[in-house]
Amino acid sequence: MKKTGLTVETKLFLKAVFVCLLLLIITDLVLWGAKTKPGFYSLFNRQIASREVLLDMLGAYSRGSKPIVLIFGDSVLYGSGMHAHQVPRWQEQTISAFLSRKLPDFTVVDISMDGALPLDYWALYQVSKHLKPAFIIFEFNYRMFAQKYWNSGQAISRPWLLEKTADPPVDLKTIPTAADRITGVLRKGSLLFRYSECARNAIFFPSREEAFNQWLRRLLPAKSIREPEDKDVLLQLKIKPYYFTTEMQGDETPLQAIRLLLKELGEQKQPFLAFFTPQNADVIKEIYNEDAFNKNMQKINASFQRPGRSHQNYVDWSALYPSQAFYDHCHLTPAYNEQLAQALADKILSETRGRNAQTPVE
Amino acid sequence: MLKLQWNENLKAALLGLAFFLLIVLLFVFAQDLSSSKFIYVDF
């Protein structure tokens, strides 16, 4: 069967490689079109796996004509608590989803990320400020000020956020490995790879271990995996390091990041509201260092105050809701997500209307 | 002869599709190389 010097098997293999390449090109072309549509990002639950995805997502939302409300948050806004409690259609019951429905005249862009930290917000603002949002919401949580994040090396949850950032406030001194380089090239060169990372993060959310545990829980009798009483103990073990911290001195990286962020927001005359997310007093009183907690809350609140100005862009809502509002120490149930969204919508509307009526926010 | 050619092309297309799916699966399920980390774990 030899015709051109190639065996049948070689010809078959080459043809298959050609088909494979063709499919890769077609997939990238489809993704190229899809990434311009905001709805595309819901397919993988708004998982932002890289700087490239973040830029694509911001680009997709900026195509509309409505003013943009940008949301910076952590797991409370992302909806991780509802995901963990297997709330049906949890993506439609996040604070930003409710906010989006309450503010039909705005485009609500939610770039919240599980485990976000104040320095992440500073870096995210560097990437997103070109959108010139009409309003920005920043959510802060006590976890963000835990002792483990005081060190500048731990103060950013995703080091790729500092990529290409001019004059970053912390020097992470990361040495890119061969894997980092390969990943970087693939993210730039292949949209399939870029969005596979997002799909992977969504499939294995919040972690591989936890995703496998959830799958096993469905397959095996519930009691064989974890006893119900274990749940409370394990939750306490997880959150105790967040709440049982010593007193902050004021020069910790999360506080520095807030000062940098506020300075930049002021320079840009960017309207915004920062809020401290509600805390479940019944859960945290079991584990916290009360004296340090109160002093740290005072320091956090003070870092947002603008002396001599009547208008403040910060609200401390840490004691806003009763314990039935929460799944755990801070993650809200859908009903309270809606309440919080209403409170935010009211603030946004009064601020933006105020500005339209020539009442300066700054 | 034509049938033989068609069979070969079909085989190549299926093999190409298998290669493609293998790449997709590798991208999605391979160990995460990036430095993202997650905090929220519900116990």
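Reader: What conventions apply here?
Author: Residues are numbered from 1 along each chain as its sequence is written, and chains are lettered from A and ligands numbered from 1 in the order in which they are written. As this is a predicted model, local features need pLDDT of at least 70 and side-chain atom pairs count only at pLDDT 80 or more, while totals for chains, interfaces and linings use all residues.

Reader: In what order do the five strands of the chain A sheet stand?
Author: The order is β2-β1-β3-β4-β5, in an open sheet with parallel pairing. Strands (E, at least two residues) and helices (H or I, at least four) are DSSP runs, numbered from the N terminus. Two strands pair if DSSP finds at least two bridges between them.

Reader: Which strands stand at the edges?
Author: These are β2 (107–110) and β5 (314–316) of chain A; each has a single partner strand, so one side of each lacks a neighbour in the sheet. On average, neighbouring strands of this sheet are turned by 15° against each other, direction ignored. Axes here are lines fitted to C-alpha atoms, for helices over the stretch in contact, and angles run from 0 to 180 degrees between N-to-C directions.

Reader: How many bridges link β3(A) to β4(A)?
Author: Strand β3(A) pairs with strand β4 (residues 272–276) of chain A over five bridges, in the parallel sense. Within that pairing, Ile136(A) has Phe272(A) as its bridge partner in β4(A), and Phe140(A) stands opposite Phe276(A).

Reader: And what about β1(A)?
Author: Strand β1 (residues 68–72) of chain A pairs with β3(A) in the parallel sense over four bridges. There, Ile71(A) has Ile137(A) of β3(A) as its bridge partner.

Reader: How many residues of β3(A) are buried?
Author: Six of the six residues of strand β3 (residues 135–140) of chain A are buried, so this strand is largely enclosed by the rest of the structure. A residue is buried if 20 or more other C-beta atoms lie within 10 Å of its own, exposed if 12 or fewer, and partly exposed in between, with C-beta atoms placed from the backbone. Both faces are covered, with Phe135(A), Ile137(A) and Glu139(A) on one side and Ile136(A), Phe138(A) and Phe140(A) on the other. For β4(A), four of the five residues are buried, so β4(A) too is largely enclosed by the rest of the structure.

Reader: Turning to helices, which residues of α5(A) are buried?
Author: They are Ile95(A), Ser96(A), Ala97(A), Phe98(A), Leu99(A) and Ser100(A). Helix α5 (residues 95–102) of chain A is mostly covered, with six of its eight residues buried.

Reader: At what angle do α12(A) and α14(A) pack?
Author: Helix α12 (residues 253–267) and helix α14 (residues 290–304) of chain A pack at about 15°, with their axes 9 Å apart. That makes α12(A) roughly parallel to α14(A); angles under 35 degrees count as roughly parallel, over 145 as roughly antiparallel, 65 to 115 as roughly perpendicular and the rest as oblique. Leu255(A), Ile258(A) and Arg259(A) of α12(A) meet Lys299(A), Ser303(A) and Phe304(A) of α14(A). Two residues are in contact if their C-beta atoms, placed from the backbone, lie within 7 Å.

Reader: How do α1(A) and α8(A) compare?
Author: Helix α1 (residues 8–34) and helix α8 (residues 191–203) of chain A pack at about 65°, with their axes 8 Å apart. The two helices, α1(A) and α8(A), are therefore roughly perpendicular to each other. In α1(A), Leu24(A), Thr27(A), Asp28(A), Leu31(A) and Trp32(A) meet Leu191(A), Leu192(A) and Tyr195(A) in α8(A). That contact divides into six nonpolar residues, one polar and one charged. Ala, Val, Leu, Ile, Met, Phe, Trp, Tyr, Cys and Pro count as nonpolar, Asp, Glu, Lys and Arg as charged, and the others, Gly among them, as polar.

Reader: What does chain B consist of?
Author: Chain B has one helix and zero strands, and 14% of its 43 residues count as buried.

Reader: Is Gln5(B) buried or exposed?
Author: Gln5(B) counts as exposed, with 9 C-beta neighbours inside 10 Å. Its place is in helix α1 (residues 2–29) of chain B. From Gln5(B) to Ile23(B) there are 18 residues in sequence and 27 Å in space, C-alpha to C-alpha.
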